[in-house]
Amino acid sequence: MTILKPNRIAFAAFGALALATLAGVSSRASAEPFIIPPPKTDVATNTATSSEPRSIVLAGGCFWGVQGVYQHTKGVLQAVSGYAGGSADSARYDTVSTGSTGHAESVKITYDPKQINLGKILQIYFSVVHDPTQLNRQGPDSGTQYRSAIFTSQPEEQKIAKDYIAELNAAKIYKRPIVTKIEPMNGFYPAENYHQDYLTLHPYQPYIAFNDIPKVDNLKKLFAADYRDKPVLVRDAKATN
């Protein structure tokens, strides 16, 4: 059974009336995509380890939409919804939802560096995935579990992310300063099965239709060369293992 958080239940309560109007609202949102420049520095793609898959953990509000965007991004091998920033014993949906665990709803993105680099993943993150100027909230969801955060495991990743944020702030890309935190990757814990592939499985659920489908639409518009129509799903990876 799918369990929604209280703030998401409010969207589900729109029911048929919301669905009747969401098409117009979503199309207006996706008709105004926000493009930003790519980072000036990036991970070299011609290094000796470039053939090995790499991963980065990103938090930007509800993990349903974050996962959905990257599942439609070429070069991404897998995108798994989960929790990062807290301890293993508190990495449960009901506990994380209290906002007291230190966890953020996050997505672990495993990618092929021969097809996509970290810079492109971060460019997508800051442009279509979420609003990096919102502190401890994203859209209708509020709390530290919805914070904007990049969890890094290597100094190189940390520097690229830090420099990119500084570049975007210096260029005044946004009306307000970026509040994205760069945090150490001390553990990632996959979320419950019913959270995986949620956008693909429930495209007409009002919360998804209103908040997340426009993000995938904007990915297609802004990053057409990096967009793939068929998403890479967690359930498909499990089926082949």
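These questions and answers walk through parts of a predicted model.

Reader: Which strand holds Q78?
Author: Look at residues 76-84.

Reader: Is Q78 buried, partly exposed or exposed?
Author: Buried means under 20% relative accessible area, and exposed means over 50%. Q78 has 27% relative accessibility. So Q78 counts as partly exposed.

Reader: Which residues does Q78 touch, leaving aside those up to four places away in sequence?
Author: Take K108 to begin with. K108 is 30 residues from Q78 along the chain, yet their C-alpha atoms are separated by 7.9 Å. With sequence neighbours up to four places away left out, Q78 touches K108, I109, T110 and A237.

Reader: Over how many bridges do β2 and β3 pair?
Author: Strand β3 covers residues 104-111. A84 stands opposite A104 in β3. β2 and β3 pair in the antiparallel sense, and the number of bridges is eight.

Reader: Which residue in β8 stands opposite G82?
Author: β8 covers residues 188-190. It pairs with β2 in the antiparallel sense over three bridges. Opposite G82 stands P190.

Reader: Why is β2 largely enclosed by the rest of the structure?
Author: Count the buried residues of the strand. β2 is largely enclosed because, of its nine residues, the number buried is seven.

Reader: How many of the twelve residues of helix α5 are buried?
Author: α5 spans residues 118-129. Its buried residues include L118, Y125 and V129. Among the elements that cover them are β1, β3 and α8.

Methods. Residues are numbered from 1 along each chain as its sequence is written. This is a predicted model: local features need pLDDT of at least 70, side-chain atom pairs count only at pLDDT 80 or more; totals for chains, interfaces and linings use all residues. Side-chain values use heavy atoms; hydrogens and water are left out. Helices (H or I, at least four residues) and strands (E, at least two) are DSSP runs, numbered from the N terminus. Buried means under 20% relative accessible area, exposed over 50%, partly exposed in between (1.4 Å probe, protein chains only). Contact means heavy atoms within 4.5 Å. Two strands pair if DSSP finds at least two bridges between them.
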